Amino acid sequence: MQQNPYGEDPVRLVLDLADRPPLTPGEFAERCVAAGMAIDRPVTDEDLAEILDFIPRWLAVVDADTPERRAVLLNELLTSSSAHPRLTDHADGGWHIHYRADGLGLAGVVRAVVSVGTALHLTGRGMDRLGRCALAECGRAYGDFTRGGRQRYCSHACANRDAVRRFRARQTQQAQQP
């Protein structure tokens with residue numbers, strides 16, 4: 001997976017993994033390949049355990065209540081997951097930058113890609129571009145990739161459900177007025 005300037009692809013991958021945590025190493029590998037990652041070694045139970053441990057730590061970045069707290073938590077992930085940037089040309093993918101050591105299993109690669117991608121996303125788009133769905137019964141994490149940066153819901157379905165609920169509440173309130 002190559003980083004785009006905003007880190008959108010890695011953020012989308014971790015949102016998918018957080019929403020539906022993989023149950024097997026094979027499922028973890030399939031979802032990473034579907035997201036555009038090249039896998040060059042077998043994916044193990046240890047990889048699965050490692051990524052399942054990482055997801056709640058990444059979600060803490062989403063849930064941080066201030067940009068400063070978000071930065072502290074993300075810096076901790078960057079420190080534990082990434083390495084100095086360097087050029088590489090592997091898997092016939094063309095020259096690109098890696099922010100990780102060689103020889104990592106899939107979970108280590110995903111941790112590095114997601115940590116750096118999240119940092120690129122937040123610094124390129126805004127520190128408030130991660131959140132939780134505003135629909136009370138949902139609460140799924142989302143990454144705001146919109147142009148205006150005003151996303152409040154994880155999906156159009158949740159936005160529509162909340163809009164219908166607000167509309168019906170207004171209708172009920174108007175019907176009760178004398």
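Q: What percentage of the 178 residues of the protein chain count as buried?

A: A residue is buried at under 20% relative accessible area, exposed at over 50% and partly exposed in between, with a 1.4 Å probe and protein chains only. Of the 178 residues here, 39% count as buried. This is a predicted model, in which local features need pLDDT of at least 70, side-chain atom pairs count only at pLDDT 80 or more, and totals for chains, interfaces and linings use all residues. Residues are numbered from 1 along each chain as its sequence is written, and side-chain values use heavy atoms, with hydrogens and water left out.

Q: How many helices and strands does the protein chain have?

A: Helices (H or I, at least four residues) and strands (E, at least two) are DSSP runs, numbered from the N terminus. The chain comes to six helices and four strands, in the order α-α-α-α-β-β-α-β-β-α from the N terminus on.

Q: At what angle do the axes of α1 and α3 cross?

A: Axes are lines fitted to C-alpha atoms, for helices over the stretch in contact, and angles between N-to-C directions run from 0 to 180 degrees. Angles under 35 degrees count as roughly parallel, over 145 as roughly antiparallel, 65 to 115 as roughly perpendicular and the rest as oblique. The axes of α1 (residues 8-19) and α3 (residues 45-63) come within 10 Å and cross at roughly 110°; the two helices are therefore roughly perpendicular.

Q: Which residues of α1 and α3 meet?

A: Contact means heavy atoms within 4.5 Å. From α1, V11, V14, L15, L17 and A18 meet I51, F54, I55, W58 and L59 of α3.

Q: Which residues of α4 are buried, and which are exposed?

A: An α-helix has 3.6 residues a turn, so residues three or four places apart point the same way. In α4 (residues 67-81), the buried residues are R70, L73, L74, L77, L78 and S81. They cover an arc of only 145° around the axis (taken from the directions from the helix axis to the C-beta atoms), which puts them on the same side of α4. E68 and T79, on the other side, are exposed. The cover over the buried residues of α4 includes α3, α5 (106-125) and β3 (130-132).

Q: Where is A64 found, and is A64 buried or exposed?

A: A64 is found in the loop between α3 and α4 and counts as buried, at 14% relative accessibility. Leaving aside neighbours within four places in sequence, A64 is in contact with R69, R70 and L73.

Definitions and conventions
The expected span of a helix is 1.5 Å times one less than its number of residues.
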